[in-house]
Amino acid sequence: MPMLLIKGSYHLVNSRADGDTIPFKPDKKEEWDLVPGPHKVEQNMSGKAKLRLEAIDTLETHYARNGNPEVHQPWLHGRAARDELTKWLGFTSVDRLPDETVTAATPTTCPGWILTRSAGRDKRCIALAGKGTPPGTSGTFINVDEALLRTTFNHHILKEGLAYPTYYTSLFPDLREELTAAVRQARAADKGLWKDDDTLDGATVTGIDSLQDDAVILPKLFRRLVDYLYLGDPDNADLTGFPAFLDQAADQFWIISAGHSTTGLDAIVEVIDSKVRMTHPPEDLVFVEN
């Protein structure tokens, strides 16, 4: 799979970096212009931009939409993923405010490289994150195979069981299968979040607090539940309208095991009284990028 290699450095201070989002600054900021696709990478004057790490989704440490109050998923695994990213990149200490804003880091920045094919609609660069010696010349496209993928943080965090796989159609099947193998090994060993995961077994949702304190579920499902609850009384969940809400959200995705595409997460989400569950594991889904 050909991807653009960009050499640069990771930055934490003044960000709210979590387990799958972190600022990155290329050594040559003009290399952002080489990222393919209809969306441009949004950057500041120095060239620093936010990354959205490819194929992974860690528990939300801060989520808000449509002017609603900010919420989070259970802290244990979200903060573990956040800390694993900073440690893996080479940061030895990080100071944060209660809202997760980083006020200091040692070292101030860490060198590294990314591999990318696009930016999302939100103008964050979608990337594989690497450290150490770059696997090629910055500003050029290189082939990414399974061996190179295994050197990235994206693979590492799935292997550690601290992130859910969340695939999009831009990721080639051979790389997706390599990541899925790491996910299944972590799940079989009950590593990280998998020992507490409620995505398939079902999470009891009685209100926002139950989502923040108890439900360890796929972040995409969490975000949809939060958005739905804030349409009514967020402290007293009435889930009868949730399937219709999912249908209206119209997420497009492939179910790999079924070999066909569908629209609307209601096709794979069951609601029984106050319990919500997915009928397919996250690695069986491939979403269409908006």
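In the predicted model, isoleucine 272 stands opposite lysine 275 of strand β16. Strands β15 and β16 run antiparallel and are joined by four bridges. Both belong to an open, antiparallel sheet of three strands, ordered β12-β16-β15.

Helix α7 (residues 242-249) has Phe242, Phe245 and Leu246 as its buried residues. Viewed down the helix axis, these fall within an arc of 100° and therefore line one face of α7. Their cover includes α6 (219-229) as well as β15 (269-272) and β16 (275-278). Alanine 250, which follows α7, has a positive phi near 60°.

Across the whole structure, 18 salt bridges were found. In one of them, aspartate 27 pairs with lysine 7, with the closest N and O atoms 2.8 Å apart. Aspartate 27 lies in the loop between β2 (21-26) and β3 (49-53), and lysine 7 in strand β1 (residues 2-11), so the pair ties together parts 20 residues apart in sequence. Lysine 7 is partly exposed, at a relative accessible area of 36%.

A salt bridge also joins glutamate 283 to arginine 184, the closest N and O atoms being 3.7 Å apart. This pair links distant parts of the chain, 99 residues apart: glutamate 283 is in the loop between β16 and β17 (285-287), and arginine 184 is in helix α4 (residues 173-188). Glutamate 283 is buried, at 4% relative accessibility.

Within helix α1 (residues 75-89), glutamate 84 and lysine 87 are three residues apart and thus separated by about one helical turn. Their closest N and O atoms lie 3.5 Å apart in a salt bridge. Glutamate 84 is buried, at 14% relative accessible area, whereas lysine 87 is exposed, at 55%.

Definitions and conventions. Residues are numbered from 1 along each chain as its sequence is written. This is a predicted model: local features need pLDDT of at least 70, side-chain atom pairs count only at pLDDT 80 or more; totals for chains, interfaces and linings use all residues. Side-chain values use heavy atoms; hydrogens and water are left out. Buried means under 20% relative accessible area, exposed over 50%, partly exposed in between (1.4 Å probe, protein chains only). Helices (H or I, at least four residues) and strands (E, at least two) are DSSP runs, numbered from the N terminus. The arc is that of the directions from the helix axis to the C-beta atoms. Contact means heavy atoms within 4.5 Å. Two strands pair if DSSP finds at least two bridges between them. A salt bridge is a side-chain nitrogen of Lys or Arg within 4 Å of a carboxyl oxygen of Asp or Glu.
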